[in-house]
Amino acid sequence: MALEVGIVGLPNVVLAKQLQRPIDGLELVAVGDPGEAPAGLIGRRDLDAVVLASSAEAIADLVEAAAAAGKHVLLDGSPSTLGDAD
């Protein structure tokens, strides 16, 4: 069974193209529009994990939302401060 992944806040299409290539055990299910609210994608029941590709200022809130939704979280970027990483 593949890990079903969605991408939130995609800053460019390179990451999506990389995840569209066959990767054993991974299936790209959804890509969110950077201009749309990420809550809808994060809350999807068919996703096991989300790749969060957003600005450093927004990433902490997205990580908290994804964790609250029970998703595995993969960061494309880093928290703006070490305090945000807690």
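**Notebook: strand 3 and its surroundings**

I started with strand 3, which pairs with strand 4 (residues 72-75) in the parallel sense over four bridges. For pairing I used the DSSP criterion, at least two bridges between the two strands. Helices (H or I, at least four residues) and strands (E, at least two) are DSSP runs, numbered from the N terminus.

I noted the basis of the entries: this is a predicted model, in which local features need pLDDT of at least 70 and side-chain atom pairs count only at pLDDT 80 or more, while totals for chains, interfaces and linings use all residues. Residues are numbered from 1 along each chain as its sequence is written, and side-chain values use heavy atoms, with hydrogens and water left out.

**Sheet**

Next I checked the faces of strand 3. Both are covered: Ala 49 and Val 51 are buried on one side, Val 50 and Leu 52 on the other. Buried is under 20% relative accessible area, exposed over 50%, and partly exposed in between (1.4 Å probe, protein chains only).

I then looked up Ile 7, which lies in strand 1. Ile 7 counts as buried because its relative accessibility is 0%. From Ile 7 to Ala 53 I read 7.2 Å, C-alpha to C-alpha, across 46 residues of sequence.

**Crossover and loop**

I looked up the handedness of the unit made by strand 3, helix 3 and strand 4, and it is a right-handed β-α-β unit. Right-handed means that, with the strands pointing away from the viewer, the path from the first strand over the helix to the second runs clockwise.

The loop between helix 3 and strand 4 contains Gly 70. I list Gly 70 as exposed because its relative accessibility is 61%. Gly 70 and Gly 43 are 27 residues apart in sequence, and their C-alpha atoms are 9.0 Å apart.

**Core**

I searched for nonpolar cores, meaning sets of buried Ala, Val, Leu, Ile, Met, Phe, Trp, Tyr and Cys residues joined through side-chain atoms within 4.5 Å. The largest has 10 residues, including Val 8, Ala 30, Leu 41, Leu 47 and Ile 59. At least two residues of this core come from each of helix 2 (39-42), strand 3 (49-52) and helix 3 (56-68). Helix 3 gives the largest share, three residues.

I also listed the contacts (heavy atoms within 4.5 Å) of Leu 62. Apart from neighbours within four places in sequence, Leu 62 touches Val 8, Pro 38, Ile 42, Leu 52 and Ser 54.

**Salt bridge**

I searched the whole structure for salt bridges (a side-chain nitrogen of Lys or Arg within 4 Å of a carboxyl oxygen of Asp or Glu) and found one. Arg 44 and Asp 46 form a salt bridge, 2.5 Å from N to O. Arg 44 is partly exposed at 29% relative accessible area, and Asp 46 is partly exposed at 31%.

**Whole chain**

I counted four helices and four strands in the protein chain, in the order β-α-β-α-β-α-β-α. The chain has 86 residues, of which 28% count as buried. Of its contacts between residues at least 6 apart in sequence, 49% join residues at least 24 apart.
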